[in-house]
Amino acid sequence: MSSKPDILIVGAGAIGSFYGAILKKAGCSVSTVLRSEYEAVKANGIRINSPLGDLSYRPDHVYKDGDKPETTPDYLILCVKVLPGVDRAALVRPWMGENTRLVLIENGLDIERELADAYPDNPIISCLAFIAASRTEPGVVEHKAYGKLVMGRYPKGIDDDCRELSQLFMDGGINIDLTEEVVGERWRKCLWNTPFNPLSVIANGADTKTILETEGGEELIRAMIREVMDVAAAEGYPMDEKLIDQNIEGTRKMPPYKNSMALDYLNGRPIEREAVLGNVVAIAQRHGLPVPHLNTVLVTLKMRANLEDRN
Ligand SMILES: NC(=O)C1=CN([C@@H]2O[C@H](COP(=O)(O)OP(=O)(O)OC[C@H]3O[C@@H](n4cnc5c(N)ncnc54)[C@H](OP(=O)(O)O)[C@@H]3O)[C@@H](O)[C@H]2O)C=CC1
Ligand SMILES: CC(C)(CO)C(=O)C(=O)O
């Protein structure tokens, strides 16, 4: 029996499968809850093609929605897309024990609240993933680059659970930044995701190079970043102006890149519009702050969704 914590990944897609592999490498028992890829993973395990080497593994248990587990995990890592109509609190309910720590590795803003409300006695660790990974076929994940996680206790602080989990990820070969202010870090990541992800969808799956090099593209991104910054400041998370240049310069240095929302759009999957953009606009409205660029993009995406009968 391993003395390492038991891990359960709910939603073992690109992110869940990859970080599950890292914890497996660190010696943890790692089980998964799957939906469409259940049969494939049960039969063949999970294959991860990665610059870090062969990270393929067989989960200790492979569950599907509706299964009843015999034990509950020490850490439940939730990695489903944050979508309207997906009740994440209900999704994890069968697997939550009294002492289970709930870990979110998901994009977006204000995405912890529904889980904190549903499980007030379970600690929540909120994480931001800086990684390029995607599913290529059932049970197969292509990890292209990066992998760092920024991690902190929600709503704030760093506790022993954060320290234990971050050490396990580091043992598995991943860089971790622990933060006292994970909500502020979500805002900081949204400086990038909130402009780039939705624009790439409106632009029919455009990559970062196309977005920045199209005439007027960089100006549009800058205006959107500034609006996100204004909303963050109104929420109590002021940020340095320099971050605008840093986000642009950093993106220009990357090879042309299609973010996770662009990939969802291109693959006909629902996009995380509300988590990444709608919530920012809603918070701006609460503060009476005009965010004309963000709002235009949001409404255009809603029109597109109506036309295509998607979310
Ligand atoms: N991919 C990336 O590079 C990055 C992703 N992120 C964020 O990480 C999060 C996860 O993204 P990613 O891994 O790419 O997404 P994927 O779509 O690859 O994975 C999501 C997984 O959740 C599963 N799922 C959804 N609903 C259920 C359910 N009811 N029961 C069981 N499983 C379910 C999906 O199954 P099914 O196949 O049936 O839909 C799928 O396996 C998102 O918030 C994303 O924004 C952040 C940074 C980078
Ligand atoms: C920042 C980035 C681009 C990769 O980590 C991401 O969050 C995404 O693809 O949605």
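1. Let's start with ligand 2: its shell holds six nonpolar, five polar and no charged residues. (Ala, Val, Leu, Ile, Met, Phe, Trp, Tyr, Cys and Pro count as nonpolar, Asp, Glu, Lys and Arg as charged, and the others, Gly among them, as polar.) This is a predicted model, in which local features need pLDDT of at least 70, side-chain atom pairs count only at pLDDT 80 or more, and totals for chains, interfaces and linings use all residues. Residues are numbered from 1 along each chain as its sequence is written, while chains are lettered from A and ligands numbered from 1 in the order in which they are written.

2. Who are the neighbours? Ligand 2 is surrounded by N107, A129, F130, I131, A132, W192, N193, N197, N259, S260 and M261, where a residue is near a molecule if its C-beta atom, placed from the backbone, lies within 6 Å of it. Two or more residues of this shell come from each of β7 (124-137), α6 (182-202) and α10 (260-266). β7 gives the most, with four residues. (Helices are DSSP runs of H or I with at least four residues, strands are runs of E with at least two, and both are numbered from the N terminus.)

3. The chain is divided into domain 1 (6-180) and domain 2 (184-308), with bounds that come from an automatic or database domain assignment. Ligand 2 lies between the two domains, because both give residues to its shell.

4. Taken over C-alpha atoms, the centres of domain 1 and domain 2 are separated by 25 Å. Their contact takes 15 residues from domain 1 and 16 residues from domain 2; two residues are in contact if their C-beta atoms, placed from the backbone, lie within 7 Å. On the side of domain 1 that touches domain 2, β7 and β8 (140-154) each supply at least two residues. The largest share of that side, three residues, is from β7. By class, this side of domain 1 has eight nonpolar, five polar and two charged residues.

5. Ligand 1 is surrounded by 28 residues, and the closest are G11, G13, R35, S36 and N107. At least two residues of the shell come from each of α1 (14-25), β2 (29-34) and β7. Here β7 gives the most, with six residues. The shell around ligand 1 divides into 14 nonpolar, seven polar and seven charged residues.

6. Now for a helix pair: α8 (residues 217-234) and α9 (residues 242-253) pack at an angle of about 140 degrees, with axes 10 Å apart. (Axes are lines fitted to C-alpha atoms, for helices over the stretch in contact, and angles run from 0 to 180 degrees between N-to-C directions.) That makes α8 oblique to α9; angles under 35 degrees count as roughly parallel, over 145 as roughly antiparallel, 65 to 115 as roughly perpendicular and the rest as oblique. E218, I221, R222, I225 and R226 of α8 meet I244, N247 and I248 of α9. By class, this contact has four nonpolar, one polar and three charged residues.

7. Finally, α11 (residues 273-286) and α12 (residues 292-308) pack at about 135 degrees, with their axes 9 Å apart. These two helices are therefore oblique to each other. R273, L277, G278, V280 and V281 of α11 make the contact with L294, N295, V297, L298 and L301 of α12. The contact residues divide into seven nonpolar, two polar and one charged.
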